[in-house]
Amino acid sequence: SVQPDTITYNSAICTCERSAEWQMAIELIAEMSRVFVEPDTITYNSAISACDKGAQWQRALLLFTTMDSTSVEPDVISYNSAISSCEKGNTWQVALTLLSDMD
């Protein structure tokens with residue numbers, strides 16, 4: 001049988017992002033871990049954006065910090081999504097810290 005891979009999960013999480021289904025995006029990342037499929041930057045970017053669109057700024061920032069512990073390198077999209085979530089949480093200090101971390 002055909003097994004889902006990172007690209008398959010990324011497609012599903014991207015669909016969740018577009019519909020602001022942040023809970024399902026987080027569930028899919030957890031499922032990836034259970035079935036030993038490695039998330040990548042696209043995985044996290046889509047999930048962070050889904051949380052951002054769902055006004056779940058704390059979860060978005062948690063996902064962003066999780067990237068480091070899973071050895072997934074954030075890119076400019078990761079930072080943009082995390083900074084955007086700070087706006088919704090009115091946490092401008094965190095946004096400035098993220099901005100300075102980009103250097």
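Start by selecting helices α3 and α5: α3 passes α5 in a left-handed crossing (left-handed if the near helix is turned anticlockwise from the far one by less than a right angle, right-handed if clockwise). What you have open is a predicted model, in which local features need pLDDT of at least 70 and side-chain atom pairs count only at pLDDT 80 or more, while totals for chains, interfaces and linings use all residues. Residues are numbered from 1 along each chain as its sequence is written, and side-chain values use heavy atoms, with hydrogens and water left out.

**Stop 1: α3 and α5**

Keep residues 41–53 (α3) and 76–88 (α5) selected. The two helices pack at an angle of about 15°, with their axes 9 Å apart. Here axes are lines fitted to C-alpha atoms, for helices over the stretch in contact, and angles run from 0 to 180 degrees between N-to-C directions. That angle makes α3 roughly parallel to α5 (under 35 degrees is roughly parallel, over 145 roughly antiparallel, 65 to 115 roughly perpendicular and the rest oblique).

Now show side chains. On the α3 side, the contact is made by T41, N45, I48, S49 and D52; on the α5 side, look for I77, S78, S81, A82, S84, S85 and K88. Contact means heavy atoms within 4.5 Å. Colour this contact by class and you will find three nonpolar, seven polar and two charged residues (Ala, Val, Leu, Ile, Met, Phe, Trp, Tyr, Cys and Pro count as nonpolar, Asp, Glu, Lys and Arg as charged, and the others, Gly among them, as polar).

**Stop 2: the whole chain**

Zoom out. The protein has six helices and zero strands, and from the N terminus on its elements run α-α-α-α-α-α. Helices (H or I, at least four residues) and strands (E, at least two) are DSSP runs, numbered from the N terminus.

The C-alpha atoms fill a box of roughly 50 × 25 × 20 Å, taken along the principal axes. With 103 residues, a compact globule would have a radius of gyration near 13 Å, and the protein's 13 Å agrees with that. The radius is taken over C-alpha atoms, and the globule rule is 2.2 Å times the number of residues to the power 0.38. Of the contacts with a separation of 6 or more, 56% are between residues 24 or more positions apart.

Colour by accessibility next: buried residues make up 40% of the 103 (buried is under 20% relative accessible area, exposed over 50%, partly exposed in between, with a 1.4 Å probe and protein chains only).

**Stop 3: α1 and α2**

Select residues 6–18 (α1) and 22–34 (α2), which pack at an angle of about 165° with their axes 9 Å apart. That makes α1 roughly antiparallel to α2, and their crossing is left-handed. T6, Y9, A12, I13 and C16 of α1 make the contact with M24, A25, L28, I29, E31 and M32 of α2. By class, this contact has nine nonpolar residues, one polar and one charged.

**Stop 4: two loop residues**

Pick A20, in the loop between α1 and α2. Its phi is near 55°, a positive value in a residue other than glycine, and A20 is partly exposed at 30% relative accessible area. Then move to F36, in the loop between α2 and α3. F36 has a positive phi of about 60° although it is not a glycine. Is F36 buried or exposed? At 75% relative accessibility, F36 counts as exposed.

**Stop 5: C51**

Return to helix α3 and select C51. At 0% relative accessibility, C51 counts as buried. Which residues touch C51, leaving aside its neighbours within four places in sequence? Show W22, I26, Q56, W57, R59, A60 and L63 to see these contacts. For a distance check, draw a line from C51 to F64: they are 13 residues apart in sequence and 11 Å apart in space, C-alpha to C-alpha.

**Stop 6: α4 and α5**

In α4, W57, A60, L61, F64 and M67 meet S78, Y79, A82, S85, C86 and K88 of α5. This contact has eight nonpolar, two polar and one charged residues.

**Last stop: V94**

Finish in helix α6, residues 92–101, where V94 has its place. V94 is partly exposed, at 34% relative accessible area. Not counting residues up to four places away in sequence, V94 touches L61 and C86.
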